[in-house]
Amino acid sequence: MFKDKLNFKLLNILIFAVLVYLALITMKYWGGFISTIFSITLPFLIAFGIAYSLYPIVRKLKKKGLSNRLSVAIVAISVIFIIIGLIAITVPLVYDQLVLLSKTIGEVIVDVSSKFEINLGEFQATVNGILDDLIKSVGKYVSDGTFDFVGKSIGYITNAMIVLIVSIYFLADMEKIRKEVKLFLTSNKKRRKTYNYIRALDKELGQYLNGLAISIGIQFVEYALLFKLVGHPNWLLLGILASLTSVIPYFGGIFTNIVAIILASVVSTPLFIATILICLIFSNVDGYIISPKVYGKTNNVEPLWTIFAVFAGGALFGIIGIMISLPLYIALNCTFKFYKEDIYDKLEDIKEERNS
């Protein structure tokens, strides 16, 4: 009689809760070990994510008759040159414009003080101090057009090199990896459902990457054209920056907007005002209309959920959370849809056990 009334599912939940509690109170003993393991595996996880994202390009090149090695080499070299070129052009340019901006603001403050007989000495000192600190911070990373990373960020460079090298290896073996996974999951009937789930997840993430590519193209054309129309001298650079930073939904454009406003401020007042209007209006149009529409069509994701996922990711994990929020939400949504019937069946079983 006691056996019939015992709820084993509730007992399992209770045991799980106890285990979680014990894990939390003993974290100081094993947390460091887990943190070390995570720090070791993180570069490899990032490398695999990069390789997975770039593999569709390699596959398209192979369909055109190129070999796997040549396709991987073309993609890898192109990505490296884009990153290095973008950094090498942008940072020195922003540094030079910050110096000009500091001089311009100083002259404007002096002119206003003399014309209206206003004592702005403390205000001028504060503004100049902020700009000088900013210029010094940027100047630490710029020296005669090159970057002085030695002795300052050797750890980041090492991790970046590991990620780069491993991602190239993953990219070269991605087709083999996919075939091995398929063979393993289809060799046993019990694993076929898992294989179907992996296929569904791969399809959803592939559609996300297609949506991201569309978004990058839209951002480049949109901002390059807008800044060209208002006469911004760096319209092409800003178009490239806007397209590349679109991998960070909603917030990636902030960096581009700051660069655009700084560069425009030392050219002319009308251009400065026009640039501010473009940044204010079209950043919101992109963030709340275009991006949700694009991902809504490629992955059938509601715009409201897209916005919620981005803000939740940012609140929980900062900039990294923002970057992974959308693909993570798409993966979770795909998982729920695939196992929805199983989840509902288990919930029904729980209800029936409680009623019996």
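Begin by selecting His232, which lies in the loop between helix 7 (192–229) and helix 8, and keep in mind as you look that this is a predicted model. Is His232 buried or exposed? With a relative accessibility of 1%, His232 is buried, because buried means under 20% relative accessible area. To see what surrounds His232, show Phe227, Leu238, Ala260, Leu263, Ala264, Leu271 and Thr275, each of which His232 touches when residues up to four places away in sequence are left aside.

Next, select Ala242, which has its place in helix 8, the helix made of residues 235–244. Ala242 also counts as buried, at a relative accessibility of 5%. Which residues does Ala242 touch, not counting those up to four places away in sequence? Display Gln219, Tyr223 and Thr256 to find these contacts of Ala242.

For the last stop, select Lys64, which is found in the loop between helix 3 (27–63) and helix 4 (68–116). Lys64 has a relative accessible area of 71% and is therefore exposed, as exposed means over 50%. Now extend the selection to Arg59, Lys60 and Lys63, which together with Lys64 form a positive surface patch.

Note on methods
Residues numbered from 1 in each chain as written. Predicted model: local features only at pLDDT ≥ 70, side-chain atom pairs only at ≥ 80, totals over all residues. Heavy atoms only, no water. Patch = residues over 30% accessible without salt bridge, like charges linked within 9 Å, V, L, I, M, F, W, Y side chains within 5 Å. Areas by Shrake-Rupley, 256 points an atom, 1.4 Å probe, with all protein chains shown as cover. Salt bridge = Lys/Arg side-chain N within 4 Å of Asp/Glu carboxyl O. Lys, Arg positive; Asp, Glu negative; His and termini not counted. Charge placed at Lys NZ, Arg CZ, Asp CG, Glu CD. Helix = DSSP H or I, 4+ residues; strand = E, 2+ residues; numbered from the N terminus. Buried < 20%, exposed > 50% of the residue type's maximum accessible area, 1.4 Å probe, protein only. Contact = heavy atoms within 4.5 Å.
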